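Let's take a walk through a protein chain together. Have a look at the picture first, and then we'll go piece by piece.

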Amino acid sequence: MTALAFSVDGGTLASGGADKAVVLWATFNGSQRAQLKGHTGGLAPGGLVFSPDGCLLLSLAAGDPVARLWNVSAGKLQVRALGRHCNCRVCAARLWGAGGV
């Protein structure tokens, strides 16, 4: 496990690691809600950030120049090509503003 993030309401935990997948967990019972695949590298440390409303999840992987934005409720990719990134916090600040990180 190299990346973990809780949604703002605490109802969802996102995790990711060397297997290149992001897993969404329901925190109230520990069940797996979705497995999000598409990165070409393992998740970067700190590479997961929920949007302020918890509807979207930003993920970044080490060695993968493409940031991905996931629809949390649908468990599907929303946007693939967010361009080159330096870190998840910088990308999130650009997407949601500095107050949304």
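**Finding your way around**

Starting at the N terminus, the elements of the protein chain run β-β-β-β-β-β-β-β-α. That makes eight strands and one helix. Here helices (H or I, at least four residues) and strands (E, at least two) are DSSP runs, numbered from the N terminus. Keep in mind that this is a predicted model, where local features need pLDDT of at least 70 and side-chain atom pairs count only at pLDDT 80 or more, while totals for chains, interfaces and linings use all residues. Residues are numbered from 1 along each chain as its sequence is written, and side-chain values use heavy atoms, with hydrogens and water left out.

Now zoom in on strand β2, residues 12-16. Is it buried or exposed? Five of its five residues are buried, where buried means under 20% relative accessible area, exposed over 50% and partly exposed in between (1.4 Å probe, protein chains only). In a regular strand, side chains alternate between the two faces of the sheet. In β2 both faces are covered: Thr 12, Ala 14 and Gly 16 sit on one side, with Leu 13 and Ser 15 on the other. For comparison, buried residues make up 42% of the 101 residues in the protein chain.

Who are the partners of β2? Strand β1 (residues 3-6) pairs with β2 in the antiparallel sense over four bridges; two strands count as paired if DSSP finds at least two bridges between them. Ala 5 stands opposite Ala 14 in β2. The hairpin of β1 and β2 has five residues between the strands, and Gly 10 there takes a positive phi near 75°.

Strand β3 (residues 22-26) also runs antiparallel to β2, joined by five bridges. Ser 15 has Val 23 in β3 as its bridge partner. These two strands form a hairpin with five residues between them, and Lys 20 in the turn has a positive phi of about 75°.

Next comes the inside. In soluble globular proteins, nonpolar side chains tend to be buried together. The largest nonpolar core here has 13 residues, and those with the most contacts inside it include Ala 14, Leu 24 and Leu 57. Such a core is a set of buried Ala, Val, Leu, Ile, Met, Phe, Trp, Tyr and Cys residues joined through side-chain atoms within 4.5 Å.

Finally, look at Leu 57. Leaving aside neighbours within four places in sequence, Leu 57 is in contact (heavy atoms within 4.5 Å) with residues including Ala 14, Phe 50 and Trp 70.
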